[in-house]
Amino acid sequence: MVSRAMVTEAASPRAIFAEHERWRWPETVFWLAALSVVYLFPEYLTLASQVVISGLFALSLDLLLGYTGMASLGHAAFFGLGAYTAGLLGKHGWHEPLSGLVVAGLVAGAVGLVCSLVIARLQSIALLMVTLGIGVMLHEGANQAQSLTGGDDGLQGVDIAPVLGLFDWDIFGRTAFLYALAIAFLCFLAARRLVHSPFGLSLRGIKENTKRVPSLGIKVRSRVIAIFTISAALAGVAGGLLAQTTQFVGLEVLSFDRSAGVLIMLVLGGAGTLYGAFVGAALFMIAKDFLSASDPVYWYFWIGLLLCVVVAFGKGGVVGVTTRAWAAIFRRGGAK
Amino acid sequence: MSEALLDVRGLTAGYGDAVVLDDIGFSIPAGGSLAVLGRNGTGKSTLMLTLMGHTRHRAGTIRFRGTEIAGAPPHRRARLGLGWVPQEREVFPSLTVDEHLIVGAKKGPWTRQRVFQFFPRLEERRRNMGNQLSGGEQQMLAIARALIANPTLILLDEPLEGLAPVVVAEVAEAIRRMMQEEGLSIVLVEQHAEFALRLTDRAIILDRGRLVHEGPSAALLESNDLIDRYVGVRVIEAS
């Protein structure tokens with residue numbers, strides 16, 4: 001009500017952003033549904049944690065791909081950095097999870113910042129190749145540094161203290177899931193805030209017409225560096241969550257499979273929507289769970305097929321299609 | 001005499017190895033205006049792109065508000081007060097009118113409210129996205145987006161091109177008011193020579209990337225010979 005009155009009068013940028021940022025009821029439904037998994041599917045909480053963590057990882061990529069138009073084939077580099085950071089901290093005496101997560105994000109963000117200095121110069125294929133290269137290098141680096149990472153065997157002996165000193169880790173994964181969900185939700189709120197800010201608008205401008213943006217007095221390079229760093233830090237938090245909730249870090253956190261997987265999740269769910277990241281992660285991981293149970297070798301075939309169908313016929317992924325269908329039904333209903 | 005707002009000397013520029021502009025020079029005083037005339041493909045748009053920093057600069061100087069900008073990146077030129085309305089308009093397809101006017105806003109007399117007073121049609125469509133606007137509305141938005149950055153000099157590249165006659169009149173009137181009532185300096189590239197010459201103080205004519213004429217607009221308006229030779233189009237329907 002307040003926002004509407006302001007729009008017709010002065011409509012300050014703040015009022016316009018407040019209107020865009022207004023919380024809508026389907027969003028409440030979405031997060032309550034996520035929370036209800038604890039009660040509805042208590043036997044699936046381990047999978048649910050993986051979904052939430054992958055969703056957060058996909059969200060970090062969404063800031064790049066969906067909002068800035070930059071693709072990456074090596075985003076697992078930052079996920080893995082966060083995972084190893086949190087894992088190593090837990091193994092070597094720093095057991096407190098929240099501060100461990102912050103450090104994981106900072107380490108991944110710092111490396112992201114350094115990488116972005118090169119990446120900000122690149123576009124299209126060059127960008128894909130360099131991000132791919134960064135991912136491959138870190139993967140091999142972690143494989144080589146066996147004394148630090150455990151190499152192929154993974155990082156064992158990660159010990160994480162109870163969350164806030166209150167909630168101990170249980171064998172059903174209840175604490176793990178709620179912890180991951182809470183962190184993912186907070187990160188989501190921050191990302192939502194970010195994309196609905198003048199900074200976020202400039203990112204969308206860069207995505208849609210990179211050459212036009214400098215004429216508005218905006219330095220594209222510094223914006224790209226900023227968002228890449230933020231995205232890397234978020235990916236690091238997601239990786240840190242995985243290490244803490246599973247109390248183990250496998251080499252696969254840095255693998256190309258993970259980089260490709262997160263890209264597929266985001267595209268399936270719908271890039272540039274924030275929610276698409278979580279929806280895509282859920283679709284991907286649940287499909288993987290079902291398909292690999294019935295056919296452990298060829299399950300990726302069906303993911304590939306799904307990807308082709310969604311990209312070819314479903315613009316905007318699951319969230320895009322749903323939003324349009326919803327709008328069509330709502331409009332028809334309103335017209336009658 | 002005080003220093004010129006924009007002073008261009010010996011400017012040579014192009015794309016890659018190709019030289020499109022050769023030894024261009026002109027000057028605009030504060031509050032002044034310049035028409036850039038010439039046939040298609042004579043380098044008018046390249047001149048605009050070069051002033052904004054989007055081409056390869058080879059020689060010459062561009063002084064804007066006393067600062068040499070020939071080597072400056074586009075965003076610094078914009079921050080110094082150069083506004084650009086490109087020929088293709090290039091509004092952002094998925095940003096709303098409001099969002100266009102937020103992303104490029106700088107402090108100054110031009111606020112969103114004032115821009116909307118200038119283009120009431122944009123206010124009606126403030127929640128529409130760039131790709132939902134008509135050609136004329138996109139042109140208004142492109143101009144509005146330049147104004148909201150509060151520039152001292154606006155480069156307008158064929159702002160009337162491809163617009164319906166009734167919209168031409170509306171946009172032309174807005175440009176006239178920008179200059180005469182608001183005192184904005186402009187560089188106006190136009191195929192419609194008569195419209196451009198009536199509006200501006202001085203004019204230059206480009207031919208194959210070279211400057212072939214420089215002088216007062218009023219005088220050029222009387223010179224059928226020059227216009228026929230280098231510009232061609234003389235009559236415009238709405239002005």
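Student: What share of the 336 residues in chain A is made up of buried residues?

Tutor: In this predicted model, buried residues make up 44% of chain A.

Student: And what makes a residue such as Ile28(B) count as buried?

Tutor: The cut-off is 20 or more other C-beta atoms within 10 Å. Ile28(B) has 21 C-beta neighbours inside 10 Å, so it counts as buried.

Student: Where does Ile28(B) sit, and what is it in contact with?

Tutor: Ile28(B) belongs to strand 2 (residues 18-28) of chain B. Leaving aside neighbours within four places in sequence, its contacts are Ala4(B), Leu5(B), Leu6(B), Leu34(B) and Ser185(B). There's also Leu153(B): 125 residues apart from Ile28(B) along the chain, with 9.6 Å between the two C-alpha atoms.

Student: Back to chain A. How do you know that its radius of gyration agrees with a compact globule?

Tutor: Put the two values side by side. A compact globule of 336 residues would have a radius of gyration near 20 Å, and chain A has 20 Å, so they agree. The C-alpha trace of chain A spans about 60 × 45 × 45 Å along its principal axes. As for what it's built from, chain A has 15 helices and 0 strands.

Student: How do you know that the span of helix 3 of chain A agrees with its number of residues?

Tutor: At 1.5 Å a residue, the 16 residues (25-40) should span 22 Å; the end C-alpha atoms are 21 Å apart, so that agrees. Helix 3 of chain A does bend, though, by about 30° at Ala34(A).

Student: What does the contact between the chains take from each of them?

Tutor: It takes 20 residues from chain B and 17 residues from chain A. Helix 2 (74-80) and helix 3 (97-103) of chain B each supply at least two residues of the side that touches chain A. By class, that side of chain B has 11 nonpolar, 4 polar and 5 charged residues. The predictor gives the complex an ipTM of 0.82 and a pTM of 0.87.

Student: Where in chain B does pLDDT stay under 50?

Tutor: Over residues 234-239, for which the model has 15 contacts beyond four places in sequence. Where pLDDT is low, the predicted coordinates should not be read in detail. Chain B as a whole averages a pLDDT of 89, with 96% of the residues scoring at least 70.

Methods:
Residues are numbered from 1 along each chain as its sequence is written. Chains are lettered from A and ligands numbered from 1 in the order in which they are written. This is a predicted model: local features need pLDDT of at least 70, side-chain atom pairs count only at pLDDT 80 or more; totals for chains, interfaces and linings use all residues. Helices (H or I, at least four residues) and strands (E, at least two) are DSSP runs, numbered from the N terminus. The expected span of a helix is 1.5 Å times one less than its number of residues. The bend at a residue is the angle between axes fitted to the seven residues ending there and the seven starting there. pLDDT is the predictor's confidence in each residue, from 0 to 100. Two residues are in contact if their C-beta atoms, placed from the backbone, lie within 7 Å. Ala, Val, Leu, Ile, Met, Phe, Trp, Tyr, Cys and Pro count as nonpolar, Asp, Glu, Lys and Arg as charged, and the others, Gly among them, as polar. The radius of gyration is taken over C-alpha atoms; the globule rule is 2.2 Å times the number of residues to the power 0.38. A residue is buried if 20 or more other C-beta atoms lie within 10 Å of its own, exposed if 12 or fewer, and partly exposed in between; C-beta atoms are placed from the backbone.
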